[in-house]
Amino acid sequence: VRLELFDGFRLVTTPQDQPLASCEVERWYVGPGVQRVPIREGRVRGALFLPPGAGPFPGVIDLFGGAGGLIEFRAGLLASRGFAVLALAFFAYDDLPRALAQLDLQYFEEAAELLLRHPKVRGPGLGVIGVSKGAEVALAMATFLPQVVATVWINGTSSLHGNPLLYKDLRMPPIPYFIERILITDGGALDNSAVFADPRDPAYAPSAIPTEKIRGKVLFVVGEADRSFNSKLFARLAMARMSPENCRLLSYPGAGHLIEPPGSPLCSASSIRGSPRPILWGGEPQAHAKAQEHSWQEIVQFLEVQLGGAATMKL
C-alpha cells in the first residue's frame with residue numbers, strides 16, 4: 001500500500017502534484033520460515049502451509065465460499081501462529097468442477113485424511129475454519145466426519161442451500177435459492193438477503209444439518225449487519241440442536257458478512273465469480289474492524305485450546 005501526503009485535498013492527482021511525503025507499507029501473510037506446499041494428491045487440490053520446525057503441529061483445514069478458487073491469506077496467517085493449515089479448494093480451481101453442483105463430503109474426508117497423514121501434523125483430530133459457503137461445509141464436516149474436533153463457523157448457514165450433500169449412502173436435499181427475490185441497491189450491487197427461504201419452515205427440515213451429531217466443539221462467529229443472509233438465525237438454529245457445552249457464539253453488532261483477520265479492510269460489496277453485479281455483504285467500518293480484531297484472537301485461542309498448543313510467531 002502506497003501512502004502519500006499532499007498539502008491539500010486531491011481527488012485526482014496529476015504529475016505536477018507532488019506529495020510532501022510518501023511511504024510504502026507491506027503486510028506479510030506468512031512469518032519467517034513458513035513453507036507453502038502445493039497439494040495435488042488424489043482428488044484434493046489446495047496449498048499446505050507449514051510452520052518452521054519439525055513439528056508435529058495441530059492441523060486445520062481452511063475453507064472459503066462462493067467465490068471458489070483457492071484463497072490462501074488466512075491459512076498463511078494461521079501457519080504463522082503455529083498451525084499446519086491446508087487451504088482447500090473445492091470448485092473453480094485447477095481440474096475441479098467450474099461450478100458447485102453438489103457437496104461431495106467424501107472429497108473433504110479425503111482432504112482431512114491427507115492432512116492427518118502428513119508427518120508434521122499432529123492428530124488424531126483436526127480443526128476446520130470456514131466462511132459463508134465454506135462455513136456450511138465446515139458444519140457438515142463437523143457433523144459427519146470424526147476427524148473434525150474443532151470448527152470455526154463464520155457467517156454461514158445451518159441448512160444446505162442450493163447444492164445437495166452426498167456422503168456414502170446419504171443424500172441431503174438443499175433449500176432452493178429464490179433468485180427472483182434479488183434486489184439491486186442504489187449503488188448497483190445485488191442484495192441477496194431475501195433469496196434465502198425461512199429455514200424454520202417444516203418443508204425444509206430434511207435440509208437442516210443434524211448438528212446434534214457433532215461431538216467436537218464449534219465456535220460460531222456472526223456479523224449482525226450481514227446483508228448476505230441472516231447468519232445469526234442460522235447460528236442459533238444450529239446451536240439449538242447441540243449440547244450447550246459444545247458450542248459458543250460470538251455475535252458482533254455492525255459487522256458484515258466477510259469477517260476476516262484484523263487489518264483487512266471492510267469489504268461491504270465485491271464482485272465474485274458467476275455474479276453479473278457486485279454482491280452486497282454489509283458492515284459498518286468501525287464496528288466491523290473491532291469485530292475482526294476481537295474474533296481473530298478468539299479464533300486462534302479456540303483452535304489452540306481444542307487442538308493443543310501451537311508454537312506462535314506473532315504476525
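1. For "active site", the unreviewed UniProt entry lists Ser132, Asp226 and His257, with positions given in the numbering used here, feature names shortened, and annotations that may be inferred rather than shown by experiment. Although these residues are spread over 126 residues of sequence, they cluster in space, the largest C-alpha distance being 10.6 Å.

2. The model is predicted, so that local features need pLDDT of at least 70 and side-chain atom pairs count only at pLDDT 80 or more, while totals for chains, interfaces and linings use all residues. Residues are numbered from 1 along each chain as its sequence is written, and side-chain values use heavy atoms, with hydrogens and water left out.

3. Ser132 sits in the loop between β8 (121-131) and α3 (133-144); helices (H or I, at least four residues) and strands (E, at least two) are DSSP runs numbered from the N terminus. Ser132 is buried, with a relative accessible area of 15%, where buried means under 20%, exposed over 50% and partly exposed in between (1.4 Å probe, protein chains only). Leaving aside residues up to four places away in sequence, the contacts of Ser132 (heavy atoms within 4.5 Å) include Gly65, Phe229 and His257.

4. Asp226 lies in the loop between β14 (217-223) and α4 (231-240), and at 9% relative accessibility Asp226 counts as buried. Among the residues that Asp226 touches, not counting those up to four places away in sequence, are Asn155, His257 and Trp281.

5. The count of disulfides, defined as pairs of cysteine sulfur atoms within 2.5 Å, comes to 0. Cys247 is buried at 14% relative accessible area, whereas Cys267, at 24%, is partly exposed.
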